[in-house]
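New page in the notebook. I want to jot down what I looked up here, one topic at a time.

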Amino acid sequence: MTLLAPWMLAGLVGLALPVLAHLLGRERPRQIPLSSRRFVAAGDEVVTHRRRLRDLLLLALRVGLLALIVLALARPISERPGALTVLATPHDAIILVDGSRSMELRVDGETLLAHAREVVDDLTRSLPAGSRVGLVISDPGGPRIELSADPDRVRRALARWLDEPGPRPRGGAWTLESGLAAAAALLQATPGGIERAIYAVGDRTDRGLGSLPPRLDDEIVIVPVPVLGAVGLEDVPRAGQERRARDPRPEHVGLDGAAWEPARELDPRAVRIRGSARRYLSEEASKTITDTRRVTVALRVDDQKVARAEVELTGARPASFEFTHTLTGADGPRRASLELEPGPTPDPMPGDDVISLWLSASDRTQVTVVNGDPSEMRAHDEVFFLATALAATESARALDVRGLAPEQFEERLRREGASALAGVDVLILANVRAPAEDIAHHVAAAVERGMGLWITAGDRVEARPYNDRLGALLPLLLREAVVVGTAPGRTEARTEGLAPVDLTHPALRGLTGDLGLTGTRARRLYLLEPDPTRAAEVAVSFTNGAPALLTRAFGRGRVALLTTSIDRDWSDLPIRPGFLPLAERTITYLAGERGGASARHVLVGEPWVLPSEAPMTIHTPEGVARPVAPDERGLITFADTMTPGHYRAEREPGATPSERADPVCSVNVDPDESVTTPTWEEPPSRGDEVVAATAHAARWRPLVLLALLLLALEAALRWRRAAPRRRAGSWWRPRPPAT
Amino acid sequence: MTGLGDVIPPPLLALLRGRALTLARPAWGRRQGRHFSAREGHGQEFRGHRGYVPGDELRRLDWRAVARHDRLVLREAHSEDELDIALLIDGSAAMDYGEGWAHKRRHANALAAALASVALRQGDRVGLAIARGPTPDPSMLRPRGGQAQLARIVARVLEDRYEETCPWPLHLAPLATALPRRGLVILLGDLLDPCAGLPGAAPDADPQVADAPLLHALATLRARGHALVIVQLLHRDELEFPWDGRELLRIEDPRRLRADVEGPGVSLRAGYLARLRAHLTWFERGCEREGVHLVRLVSDAPVTAGFLAILDQLAGKPRRLETEAAP
C-alpha cells in the first residue's frame, strides 16, 4: 500500500490542533460554591460553554472522520504488479477509450467506462519516463487531447467528460476501431522520432477490442487494454494450457428489436406490435446455461401503461412477444414504448430496456398509379393485377391507391406544378410512354425529395423519351424491348424464366425462399444499357442474366424499374404467388422515408433526414424545441439524435397546411451494442517490446465511504446527546402572575 | 481552653452585658424564671385581685386593697418561669461561605453563642444541636442551665466540621423528646435548600414542593406550643448575585446534589434573582402562616445588629425582613 499524495498526510497534524487549542486556550471558569445553586438553571437563557473534553466518544468520532478524509486525500493505492503492458521505451501514446454504449454495463457496481477511467489512470502512471500521452474517445463528442508530457491533462479531461451532465457513455454505437483514425491523426500531427503506440481501452467484445487490427500503418503499435482483467505478460498461455477464465460479465437482458403493423382484421384502429427480448450471457455461460428466466415487458402508449406480457427467455435465444392494441382518441402518430420492467435485481445494462415507437392507426401510404394501358375489361387493364394484389395485402400498411390516366396525370402536373406530387409517396408509371417533357422535371424533383417511382415496361414504353427526360434517375438507361426468343444467342427459347431473387436486396430483406417466382415465364422484356456508375441494385433477374427488377436511390427517393410488364401482356408474373409479396415489398421500399410513421426509425447518433420545403421545429425527448431549416435540396437533416426516444417535427405556424400529420421519428439504441459476450482473446505477443508495468488499484474510495459512515454516526450520537436537553421541562419556566 | 471570646466578636461581647432575652409569648417553664408565664404565680407582674378563701397564704393579702374594700383581698401576680431554649445550627457545607464575620457559619455560631450566653445568664436552660448530615445528633439538645453548659456550647460550635447536607425535618424530630414543655426553638441557617438530602427528595423538584416537609415539621412543633424562630442567614452574594459580567462562572452545589453550571454571569443573573426572590417570598409567607418568626440576616452586616434584631423579634417588636436584593 502506497500513497499517491503522501504530503497530504501532513494534514494529520492539523487534527491535533483543535484539541490542543481547546485544552490550552480554554478560559478557566471561576468556581463558586453557591448554596443557592438550585436557583441557577442551565440550558434556558444561559449560554453554556464546554470547558472540558466531555464527549470523548464524539470527539473520537470527529477526529477519526477528519483523519479518514486526510487519508483519502493522500490517495492510498495498492499495487498490482504486471497487470498492464506498456512499451518498454519512452514513446508517444494515444489512449483510445471505448465510449460506445456497451461500456454502460455495470460490473461490481460501476460502469465499464468508470472502470476504464481507473485503467487510464494506471496507464498514464505506467508509461516509461519521457513518454508523451494524449487521449481520444471513440464517442465523437468526447475530448481529444493532443500529445503532452503531462499525463494529468489526460486524466483531467477524461474525468471532466465523465462528470459532465448527461449519461456516460452516451447511447451511440461506435466500434473501438472507429476511433483509430482520430488517434492516428493526433499521433502524426506531432512530429517526433520515437515509437508511437495507441493504447485501446475497451471491452473484449467484437465491437470493442475485437474490432482492432494488430498494427496500424506498420508504424503505430496498437496495444489492446481490456477494461476488466487487464492483460499482463504472465497471462500469455503456454502451449496446451487453457486460458484461465477472466473478465466475468454479469448477465443482462435487453430488447433487441420491435416493429408494428396495423391489425385491421381486429379493428380498424388496432395495431400489432412485435418485439423480441433476449439474455446476453458470457460465452461460457451461453453454452451451459439453459434455464428459463422470466421477464416482464410492458407496452406504454402516450405515457400510460396499457399492457404487460411475461416473456420466458431460455438460454441465450431471443424470445419474441406480441401485443395488439386498439388506439383510441385522435388520429395521428402516437408515442409508444416497449419497456422491460425492472426485476428483483437491477439490470446491469439498462440502456437497451426500452424501445420507442410511433404508432398510428391512420398510417397510410399514398400510391398513385398512372395507367398507360387502361381497358374497359378489368382483366385486361394494365394495373388490374397490381391493384388486386395490393388490396389483398393485410400485413402491409394501408395503401391509398389512386389510378390516373396519363393525360390526367400530366394535366394535373401542369396545373398544380410540383405540389401535385406533394402528397404522393409512390408513383407508379405502368406502361406509360414517358412523362411529357414539360412535366418530367417535376417528377425528378419529387423523387429527389423522397418520393418513390416505379416504372414498369410494356408496349407503350419508349426508351428514348424516358432516357431523355428521366435518364438521370433511371437505374439503367432503357435500350429496347425485345421478344425473348429473338435475343442474341437464345433463338430456341420462346420464354425466359426468373432466376432466384436476391434476398439481400434491401427491398426483399427478411423474406425467405424463392417467393414462388421461379416458374415465371416472360415473353418480352426491355433490355437496358449497362452502366456500372449508376449503382443500380438488381433485386430480380431473368435466367439469362438480364435484370428484371432493379432499383436505385436518387436523392432521398428511390426508383424501381420492372423490365417486363406488370400485367399479363409480356409475362405471367402477376399470377405467380410471389407477385404479391414482391409488389408489396417494392412499394414499401419505395415509400421509404415517406411511408408513414413506422418508417421513421433511426439509431442513436444517426441523422434524421426529412423532406420539407419550410422550416420546422423538432421536439426532442428531453422536451427541447430545436428550429431547423431545409437545405437547398429541400431536406432537413437533424443530427442531434443522441438521446433515445420520440422526436417530432412541427411545422412552423403559418406554413402551408398539409394533409399529412407532423413527421415523427423514433430513435433507439443499436442492439449490437448490447452484445457483451467477450470474444477477444488475442494476447500480447510483442516479446521484448512490452514490459509488465505496475498498475495501481485505488483504495481511497472505501475510506470515503467509511468517512461518510462516521459522519452519520456522529450526527446520530449528537442527536441522542441533545435529546434529554430537548425533553427537559424545567420548573424554572416563569410562572403566570398571581391574580 | 476555649472561651466566649473565641466565638463572639468583641462588640457583641460588650453588647451582651445587661441584655435580657425576653419572649413576647408566655412561657411555660418548670421552675421559676424571668419569663412571663400565662399562669398565676409569684412573679413581679401584677395579675389582679381576688377574695380571700381559707387556706390562702396570709402574706399575699393586699392590705391597701383590704382597707379600701373592707374585706380580705388577695393580690395575685403572674408567674415568671424559666425558658427552655433549643438552638439548632445549620452544619452543612452550604454554611461554609464568606470571609471573616461574614462567614455564614461563623456568624451563626456567634449569634447562637450570644443567645445562649444571655439565656443562661438569666437562668434559662439551653440545648444545642449542629444539624448536619442525615443523622441527627441530640446529645446536647436537651436544655440545661449553668455556665458549664455555656462552655460546652462554645466548644461544640467551634467544631469546624461540615457535612454536605442538612435535611432540617430530620433534625427537628428529636425536639419532641428534648423539649417536653413549651420552649423556644431557634434555627440558624440559610434555609435555601432546607430539605436537601431528605430520603426520596429529587434535586430538581419544584422548591415549593421539595420544601413542604420543613413547613410541616415547623407546624408540628408549633402545635406542641413551642415558639419558633428561624434566623435565615444569607450571604450578600446569594442575595444579589454580584457577578454580572462576561466572566465565565462555574456554579457548584456545595451539597453535591446538583451538577455544576457554567456560563457567563450576565446570562445567569436575571433568572437566578427572579427565582430566588420568588422562593424567599414563598418561604416568608409559609412561616407567617405557620406562626414562625422569621429573622432574615445578611452575614456581612454587623453581628450585633443581627443579634439585636433577634432579640427584638423575640420581644415582639416589628422588623422589616431583608428580602430585597440589590439590582
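This is a predicted model: local features need pLDDT of at least 70, side-chain atom pairs count only at pLDDT 80 or more; totals for chains, interfaces and linings use all residues.

**Helix 8 of chain A**

I started with the outward side: the face of helix 8 of chain A turned away from its buried side carries two exposed residues, A:Glu407 and A:Arg415.

Next I looked up which residues of helix 8 (residues 406–416) of chain A are buried, and got A:Pro406, A:Phe409, A:Glu410 and A:Leu413. They span an arc of only 95° around the axis, so they sit on the same side of helix 8 of chain A. Then I checked what follows helix 8 of chain A: A:Gly417, with a positive phi near 70°.

**Helices 7 and 11 of chain A**

I moved on to a helix pair. The axes of helix 7 (residues 384–392) and helix 11 (residues 579–591), both of chain A, come within 9 Å and cross at roughly 85°. That makes helix 7 and helix 11 of chain A roughly perpendicular to each other. On the helix 7 side, the contact is made by A:Phe385, A:Leu386, A:Ala389, A:Leu390 and A:Ala392. Helix 11 of chain A brings A:Phe579, A:Leu580, A:Ala583, A:Glu584 and A:Ile587. I sorted the contact residues by type: nine nonpolar, no polar and one charged.

**Cysteines**

How many disulfides does the structure hold over all chains? I found zero. For B:Cys195, the closest cysteine sulfur is in B:Cys166, 9.6 Å away, which is too far for a bond. I also looked up accessibility: B:Cys195 counts as buried at 2%, and B:Cys287 counts as buried at 1%.

Methods: Residues are numbered from 1 along each chain as its sequence is written. Chains are lettered from A and ligands numbered from 1 in the order in which they are written. Side-chain values use heavy atoms; hydrogens and water are left out. Axes are lines fitted to C-alpha atoms, for helices over the stretch in contact, and angles run from 0 to 180 degrees between N-to-C directions. Helices (H or I, at least four residues) and strands (E, at least two) are DSSP runs, numbered from the N terminus. Angles under 35 degrees count as roughly parallel, over 145 as roughly antiparallel, 65 to 115 as roughly perpendicular and the rest as oblique. Contact means heavy atoms within 4.5 Å. Ala, Val, Leu, Ile, Met, Phe, Trp, Tyr, Cys and Pro count as nonpolar, Asp, Glu, Lys and Arg as charged, and the others, Gly among them, as polar. A disulfide is a pair of cysteine sulfur atoms within 2.5 Å. Buried means under 20% relative accessible area, exposed over 50%, partly exposed in between (1.4 Å probe, protein chains only). The arc is that of the directions from the helix axis to the C-beta atoms.
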